[in-house]
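Please look through the structure shown here before reading on. The paragraphs that follow move from a helix to the core and then to the charged pairs.

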Amino acid sequence: MIQDYSAYTPDDQAVWKLLFERQMERLPGRASQAYMDGIVATGFPNARIPNFEEDLNPRLRPLTGWRVVAVPGLIGNREFFELMADRQFPATTWLRTRDQLDYLPEPDMFHDTFGHVPVLTNTHFCDFLAALSRIALAHVDNEEAIQMIAQLYWYTVEFGLIQENSSLGRRGMRIYGGGILSSPGETIYALESDVPQRIPYDVKTLLQTPYVIDRFQERYFVIDSYEQLYHSVPEIEATLDELLAVNS
């Protein structure tokens, strides 16, 4: 599939600009520095929808070897993890409408690209994604294993928080999960609300913690660094095997 850029209407472009500018007002000081640096490094156009092959991939591939590939929407587990193991990030090409600015039930292009692509400039995060995908492929026909991997993916790649030094040298909690970064409401809630739990990253707990999809999260898991995430891959593989053996 290719991204048919000519199919985007002027209103599509206006919606993108609105979404982009609204989030960029909220993210400084809240988003991971790796994400903010990635917005610059990938040359994200703020006033128009990004062209995958002309805007994003020529900048992204030299940095980490990853590229964005167009998909029609949600795809099957095998195809999804095969793409990711090959360092290809699947992104849908449809964009939400004006009446869906704050919520929609499945990921659109703004979530897939604005939410995720900037962090794909971080080598350790990219290596974690590729390695996790290879683990998933080894278990792709095991529904229980894929569910546990999906839970870990959800609480890291989609809704993860990180303790990180800012450009001013101050250490604080920041957002790196694309599901938060593309949501204006959850951007504030994830860091500033007293409601959710914020829990240190723990592989066994993540593999066994269900998530919610129809409201803001009840808990967030916090990594100390992207290196920690990548170096936890052997533990993920071993713990997954242990849990599967116990449950068999």
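**From a helix to the salt bridges**

Helices (H or I, at least four residues) and strands (E, at least two) are DSSP runs numbered from the N terminus. The model is a predicted one, in which local features need pLDDT of at least 70 and side-chain atom pairs count only at pLDDT 80 or more, whereas totals for chains, interfaces and linings use all residues. Residues are numbered from 1 along each chain as its sequence is written, and side-chain values use heavy atoms, with hydrogens and water left out.

Within α12, the residues V233, I236, T239, L240, L243 and L244 are buried, where buried means under 20% relative accessible area, exposed over 50% and partly exposed in between (1.4 Å probe, protein chains only). Seen down the axis of α12, these buried residues fall within an arc of 135°, so they line one face of the helix; the arc is that of the directions from the helix axis to the C-beta atoms. The face turned away from the buried side of α12 carries the exposed residues P234, A245 and V246. The buried residues of α12 pack against α6 (123-138), α7 (143-158), α10 (203-207) and α11 (226-231), contact meaning heavy atoms within 4.5 Å.

The largest nonpolar core has 74 residues, and those with the most contacts inside it are Y35, W66, L120, F125 and L152. Such a core is a set of buried Ala, Val, Leu, Ile, Met, Phe, Trp, Tyr and Cys residues joined through side-chain atoms within 4.5 Å. Leaving aside residues up to four places away in sequence, L120 touches L60, T64, W66, F89, F125, C126 and L129.

A search of the whole structure finds 10 salt bridges, each a side-chain nitrogen of Lys or Arg within 4 Å of a carboxyl oxygen of Asp or Glu. In one of them, the side chains of R30 and E192 meet at 2.7 Å, N to O. This pair links distant parts of the chain, 162 residues apart, with R30 in the loop between α1 (10-26) and α2 (33-41) and E192 in helix α9 (residues 184-192). R30 counts as partly exposed because its relative accessibility is 22%. In another salt bridge, the side chains of R87 and D127 meet at 2.6 Å, N to O. D214, R215 and E218 are linked in a network of salt bridges.
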